[in-house]
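Please brief me on the fold shown here. Keep to the points that can be checked against the coordinates.

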Amino acid sequence: MSSEATTDSPYMTTKEFAALVRKSPATVRGWRHRGVGPRGTKLGKEVLYHRDVVTAWLQDKERADEIGQRASA
């Protein structure tokens with residue numbers, strides 16, 4: 001069973017996170033290296049992202065989007 005098939009885990013892989021935000025894994029890796037993405041934890045060769053951290057990061061992005069805030073008002 002691959003890690004992508006485990007949906008009950010509190011962690012997601014770079015590939016799973018990239019699919020969630022509809023970006024490539026390379027983009028997600030770039031965000032992490034530049035410090036603009038959510039905090040990830042390196043475990044061996046794999047980086048894992050806690051789902052709660054990803055959710056909080058996305059919510060912060062939504063709150064920071066002034067144009068999006070005006071459009072939904």
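Leaving aside its neighbours within four places in sequence, which residues is Val54 in contact with? The model is predicted. In it, Val54 touches Met12, Phe17, Leu20, Pro38 and Tyr49 once those sequence neighbours are set aside. Two of these partners, Phe17 and Tyr49, also form an aromatic pair.

**Overall layout**

- The protein chain holds 4 helices and 3 strands.
- Read from the N terminus, the order of elements is β-α-α-β-β-α-α.
- The chain has 73 residues, and 25% of them are buried.
- Among contacts with a separation of 6 or more, 43% join residues 24 or more positions apart.
- The exposed surface comes to about 5500 Å². Carbon and sulfur atoms supply 52% of that area.

**The sheet**

- The 3 strands make an open sheet in the order S1-S3-S2, and the pairing is antiparallel.
- S1 and S2 are the edge strands, each pairing on one side only.
- On average, neighbouring strands are turned by 40° against each other, direction ignored.
- S1 and S3 are joined by 3 bridges. Met12 has Tyr49 as its bridge partner in S3, and Thr13 has Leu48.
- S2, residues 41-43, is also joined to S3 by 3 bridges. Here Leu43 is bridged to Glu46.
- The hairpin of S2 and S3 has 2 residues between its strands. Gly44 in this hairpin takes a positive phi near 70°.
- In a regular strand, side chains alternate between the two faces of the sheet.
- S3 has a covered face with Val47 and Tyr49. Its uncovered face carries Glu46, Leu48 and His50.

**The nonpolar core**

- In soluble globular proteins, nonpolar side chains tend to be buried together.
- The largest nonpolar core here has 10 residues: Met12, Phe17, Ala18, Val21, Val28, Trp31, Val47, Tyr49, Val54 and Trp57.
- H1, H2, S3 and H3 each supply at least two residues of this core.
- H1 gives the most, with 3 residues.
- Val47 and Tyr49, from the covered face of S3, are both members of this core.

**Aromatic rings**

- A ring pair is described by the distance of the centres and the angle of the planes.
- The count of aromatic pairs is 4.
- One of them is Phe17 with Tyr49: the centres are 5.0 Å apart, the planes stand at 40°, and the pair is tilted.
- This pair links distant parts of the chain, with Phe17 in helix H1 and Tyr49 in strand S3, 32 residues apart.
- Phe17 and Tyr49 are both buried.
- Ring pairs gather Phe17, Trp31, Tyr49 and Trp57 into a cluster. These four residues are also listed in the largest nonpolar core.

- H1 lies across S1 and S3 and runs at about 90° to S1.
- Its buried residues are Thr14, Glu16, Phe17, Ala18 and Val21.
- Those buried residues pack against strand S1 (11-13), helix H2 (25-34), strand S3 (46-50) and helix H3 (51-64).
- Arg22 follows H1 and has a positive phi, near 60°.

**Thr14 in detail**

- Thr14 belongs to helix H1, which spans residues 14-21.
- Why does Thr14 count as buried? Its relative accessibility is 8%, and the cut-off for buried is under 20%.
- Leaving aside neighbours within four places in sequence, Thr14 is in contact with Pro25, Val28, Arg29, Glu46, Val47 and Tyr49. Among them, Val28, Val47 and Tyr49 are residues of the largest nonpolar core.
- Thr14 and Glu46 are 32 residues apart along the chain, yet their C-alpha atoms are separated by 7.9 Å.
- Glu46 is on the uncovered face of S3 and is the bridge partner of Leu43.

Terms used: Residues numbered from 1 in each chain as written. Predicted model: local features only at pLDDT ≥ 70, side-chain atom pairs only at ≥ 80, totals over all residues. Heavy atoms only, no water. Buried < 20%, exposed > 50% of the residue type's maximum accessible area, 1.4 Å probe, protein only. Contact = heavy atoms within 4.5 Å. Areas by Shrake-Rupley, 256 points an atom, 1.4 Å probe, with all protein chains shown as cover. Core = buried A, V, L, I, M, F, W, Y, C linked by side-chain atoms within 4.5 Å. Phe/Tyr/Trp six-rings, centres within 6.5 Å; stacked < 30°, edge-to-face > 60°. Pairing = 2+ DSSP bridges. Axes fitted to C-alpha atoms, helices over the stretch in contact; angles between N-to-C directions.
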